[in-house]
Amino acid sequence: MKKRKQDDTGPDAHLGTGGELHQHAHAEHPPLTTQQGIPISDNQNSLRAHPRGPTLLEDFVLREKITHFDHERIPERIVHARGSAAHGFFELTDSLSDVTTAKVLTEVGVQTPVFTRFSTVAGGAGSVDTPRDVRGFAVKLYTKEGNWDLVGNNVPVFFIQDAMKFPDVVHSVKMEPDRGFPQSASAHDTFWDFISLTPESMHTVMWIMSDRTIPRSLRMIEGFGVHSFRLLNAAGESTFVKFHWRPRLGMQSTVWDEAVKLAGADPDFHRRDLFDTLDAGGVAEWDFAVQLFTQEEADGFPFDHLDPTKLIPEELVPLRVIGRMVLDRWPDNFFAETEQVAFCPANLVPGIDFSNDPLLQGRLFSYLDTQLSRLGSPNFTQIPVNAPKCPFAHHQRDGHMQTEQPKGRVNYEPSSLAPDSPRADPNAGFKSAAVDEGGVRGRVRAESFADHYSQARQFFISQTEIEQSHIASALVFELSKVEHVHVQQTIVGHLRVIDERLGQRVADGLGMDKLPPAAHPAKPVQKLPPSAALSLIGNAKDTLEGRCIGILMADGSDGAVISALKKAAQAQGARVKLVAPRVGGVTLADGKHQAADGQLAGTPSVVFDAVALVLSEDAGRKLCREAAAVDFVRDAFGHLKAIATDAGAQALLQAAGIEPDAGVVRADDVKAFLKAATTRQWVREPKVRTLA
Ligand code: HDD
């Protein structure tokens, strides 16, 4: 770990006799000044008429400090307010020069700087990291031809087909307007009311009720551009494209009970995970892949690719990996970068173009508009994180917070006065696909958008049995929080169309005595074949890389076992943390002191992927009276984690009511434990909870 710099009030500071804070003067400290550069003599006391008298209005140092503080916050994002971001680069490995002129997609080996922000959707900026929610996956690529923002999500489809409905779906999922809760949760009446009356949302509902929306780490999520875009080549020919990010660590999710407990144990779980990874010199990495298809191929698809509630199964159009993204640097300042970064799907570079997806078309307006109110000025592109890293020149001038000082008389075009002023370039400039848009104007939805259930069904039948149970159980949980029975019934009616058995399971889980009537689909449901790529568990990677193992120890623990476990786990790419009843550490069996990384009560097993209990028999017995220790073990078991145990751990296993299974392994059999730790113990699940 890099050592962080000690701040000014560290060990050098002490309280003076009058209670005031004195600091030793360090020659290297620059003088503290006001914003005007005036050196400050005292940053502890305001200017008073006498020691116990009123504060004087004259105190410009105090007034400036408080005034600036009063204005520190800017409006949070209306959606995706809670986010974490990192810098890195994109590198192309396979050129798309036959279908696009975009340099970022044709120049193999060139590293393009990126800034990537991950987010939840519904919660406020201070909400927790682990609710059931879609994750935003927004990448700003600072290309040689301008900024390209790929503003996607970790699910490939969206709730609605038309941007006109975006304020409605967002209002419905956010906290209810009369009561101001729930924060960051879809499990409430208004969301499910809206969904029950919006059959087009059914496919996305299947995705959000799946484990995809309770990820283990931001490093382990997929990203999707969602919409079809176009690529344009030099001849002006266009090819449709869908963009995908695939995590090198494989996908991994939490289980629901774990996600709920994580929210309390570490509200910053995902942010901390990314920070810790990069701070320790690690990286987060994704493959970048495209699905390319022509208009003729699209005409043959059993759905309309312009409909954002549909994906293109990989069996229909295979993914072609053409590059990778590596995130390797945490921002210097959260506000300056992560908070002020302004993404916009309209930021495209020459060689890429929009499709007519009506959701995308609305987004092209929304993002710039929201930046104006969030960042307060059309000059937000001058904020370093938003500014292009290639040369740029335009005639836009003035406005609030203008920091540029253009010279000369010419701020218009055409002009004859300044031969070096910027001009449009008909060759290299951005061009739109030449498309014949003949047709009749109207507020209409294409007939080809009317099939709302076929891909929802395809997603459901593509899941493993465990995943299907998780979807059914998630639906039961969410709907159990809905007070209006008719809303529950309408949802079950939709589920019956997706899969009759799913409808029945959810109805049973809710305790309905009668199955509500099935919904009437506008179009007959197509029996689309299962798609293996849609299952998370089916595609999980059994690995310890990027995972974290917790070792619970106490006074008298066997240091040799701890070191062996630690060494072997680290060799397989895992991080290891030692947990002890006291953060100061423990005295091992051999009398040596062992420092701890976390204190037991503050470091529950939910923050680990697998745990080892290395305890003396005496310590094991004592810990049975420690609720945090019993929960540590019980939760690790309940969350289907591998557990390594020794003789001292047996009492604790008993106290936690655990009947050891294949995932409970001897701590001295390091190999067996680490193998078990590469995955969850799915076969254990029916023994520890009743799923719908
Ligand atoms: Fe959006 C933010 C992703 C539909 C309007 N959106 C936002 C962010 C992501 C997405 C990742 C956060 C960016 C960041 O980290 O700053 N949004 C999507 C995806 C969509 C989508 C994948 C559908 C495929 N969004 C969508 C629609 C509209 C918006 C249809 C409006 C018509 N989105 C916004 C916004 C936000 C935003 C209000 C809030 C903050 C911001 O833009 O900068 O303009």
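The legends below describe close-up views of a predicted model.

Residues are numbered from 1 along each chain as its sequence is written, and side-chain values rest on heavy atoms, with hydrogens and water left out. Because the model is predicted, local features need pLDDT of at least 70 and side-chain atom pairs count only at pLDDT 80 or more, while totals for chains, interfaces and linings use all residues.

**View 1. An open sheet of six parallel strands.** The strands follow the order E17-E14-E13-E18-E19-E20, with parallel pairing. Strands (E, at least two residues) and helices (H or I, at least four) are DSSP runs numbered from the N terminus, and two strands pair if DSSP finds at least two bridges between them. At the edges stand strand E17 (598–599) and strand E20 (664–666), each of which pairs on one side only. Strand E13 (residues 548–553) runs parallel to strand E18 (residues 610–614) and is joined to E18 by five bridges. Gly550 has Val611 in E18 as its bridge partner.

View 2. Helix H14 (residues 559–571) lies across E13, E18 and strand E14 (575–580), and runs at about 175 degrees to E13. Helix H18 (residues 670–677) lies across E13, E18, E20 and strand E19 (643–645), at about 150 degrees to E18. Axes are lines fitted to C-alpha atoms, for helices over the stretch in contact, with angles from 0 to 180 degrees between N-to-C directions; contact means heavy atoms within 4.5 Å.

View 3. Around the ligand are 22 residues, of which Arg77, Arg117, Arg363, Tyr367 and Gln371 come nearest; a residue is near a molecule if one of its heavy atoms lies within 4 Å of it. A polar contact is a pair of N or O atoms within 3.5 Å. An N or O atom in the side chain of Arg117 is 2.6 Å from an oxygen atom of the ligand. For Ser366, a polar side-chain atom lies 3.1 Å from a ligand oxygen atom, and for Arg363 such an atom lies 3.3 Å from a ligand nitrogen atom. Strand E5 (135–143), strand E6 (146–153) and helix H9 (358–375) are the elements that give two or more residues to the shell around the ligand. H9 gives the most, with six residues.

**View 4. Antiparallel pairing on strand E11.** Strand E3 (residues 83–92) runs antiparallel to strand E11 (residues 320–329), joined by six bridges. Leu92 stands opposite Gly323 in E11. Strand E10 (residues 284–293) also pairs with E11 in the antiparallel sense, over seven bridges. The bridge partner of Ala284 in E11 is Leu327.

Technical notes
A polar contact is a pair of N or O atoms within 3.5 Å; within protein, one must be able to donate a hydrogen and the other to accept it, and residues adjacent in sequence count only if both atoms are side-chain atoms.
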